[in-house]
Amino acid sequence: MSAGPRFGDDIERGKTLEFSQSVTYPGTVDEVVAMYLTPAYLERRFGQFVVEGSSTVSVEGERVSFAGTVRPELIPAAAARFVKSDLRIAFTEEWTTDEAEATSRTSVTVDGAPVSVEATSTLAGADAGCTRDVTGNVSVRVPLLGGRIEKEAVAHLGRVVEREQALATQWLEEHR
């Protein structure tokens with residue numbers, strides 16, 4: 001199992017920063033998509049980032065949504081001075097599956113902050129399970145500091161990928 005973030009591919013273009021990453025899971029495409037569409041997995045995946053009791057999760061077919069109030073101590077110092085009230089994160093992901101693979105479109109917005117993430121991914125079978133290849137962009141619309149905050153956010157993606165892979169591996173082992 002390996003998370004292979006390819007941050008050397010990051011390109012700053014205007015006010016967004018593009019990224020690509022790859023994550024390998026020890027499960028089939030169907031098992032991994034089912035995991036992503038399970039409310040309990042989403043609570044485990046995002047729960048530590050939001051204020052306890054503030055989250056909502058909904059699943060409608062192949063579309064999942066998670067929302068919650070960001071824990072204030074997680075707001076980067078460079079961005080904190082621009083935050084006037086609680087930040088509410090909204091995550092939406094929609095999956096499409098066929099016989100061999102699955103694709104997703106992911107959107108993350110933060111109410112109360114000029115931050116967004118848009119990504120697409122492909123989940124395909126691999127030797128030891130399946131691999132998710134993700135491409136997307138991070139946008140922070142803050143004059144003068146937006147580019148710096150975007151770069152910090154993308155730099156943290158490596159840790160996010162490692163955490164995601166560990167959580168997913170544990171979840172898949174528990175639910176087989």
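Me: Before we get to Thr106, what counts as a strand here, and where is Thr106 found?

Reply: Strands are DSSP runs of at least two residues, numbered from the N terminus. This is a predicted model, and in it Thr106 is found in strand E6, residues 101-111.

Me: How many helices and strands are there, and what pattern do they follow?

Reply: The protein has 4 helices and 8 strands. Read along the sequence, they go β-β-α-α-β-β-α-β-β-β-β-α.

Me: Back to Thr106: is Thr106 buried or exposed?

Reply: Thr106 has 11% relative accessibility, so Thr106 counts as buried. Leaving out residues up to four places away in sequence, Thr106 touches several others, including Phe91, Val117 and Arg132. The side chain of Thr106 also makes a polar contact with the side chain of Glu93, at 2.6 Å.

Me: Which residue does Glu93 meet in a salt bridge?

Reply: Arg132, with 2.6 Å from N to O. The pair links distant parts of the chain, since Arg132 sits in strand E8 (residues 129-140) and Glu93 in strand E5, 39 residues apart. Both Arg132 and Glu93 are buried.

Me: How many salt bridges does the structure hold?

Reply: There are 6. One of them joins the side chains of Glu31 and Arg176, at 3.1 Å from N to O. Glu31 lies in helix H1 and Arg176 in the segment after H4, so this pair ties together parts 145 residues apart in sequence. Glu31 is partly exposed, with a relative accessible area of 31%, whereas Arg176 counts as exposed at 59%.

Me: What about nonpolar residues? Which ones touch the most other members of the largest nonpolar core?

Reply: The general idea is that in soluble globular proteins, nonpolar side chains tend to be buried together. Here the largest nonpolar core has 25 residues, and Tyr25, Val32, Met35 and Leu123 touch the most other members. Among the elements giving two or more residues to this core are strand E2 (16-25), helix H1 (29-36) and helix H4 (146-174). Setting aside neighbours within four places in sequence, Met35 is in contact with Tyr41, Ala168, Trp171 and Leu172.

Terms used. Residues are numbered from 1 along each chain as its sequence is written. This is a predicted model: local features need pLDDT of at least 70, side-chain atom pairs count only at pLDDT 80 or more; totals for chains, interfaces and linings use all residues. Side-chain values use heavy atoms; hydrogens and water are left out. Buried means under 20% relative accessible area, exposed over 50%, partly exposed in between (1.4 Å probe, protein chains only). A polar contact is a pair of N or O atoms within 3.5 Å; within protein, one must be able to donate a hydrogen and the other to accept it, and residues adjacent in sequence count only if both atoms are side-chain atoms. Contact means heavy atoms within 4.5 Å. A nonpolar core is a set of buried Ala, Val, Leu, Ile, Met, Phe, Trp, Tyr and Cys residues joined through side-chain atoms within 4.5 Å. A salt bridge is a side-chain nitrogen of Lys or Arg within 4 Å of a carboxyl oxygen of Asp or Glu.
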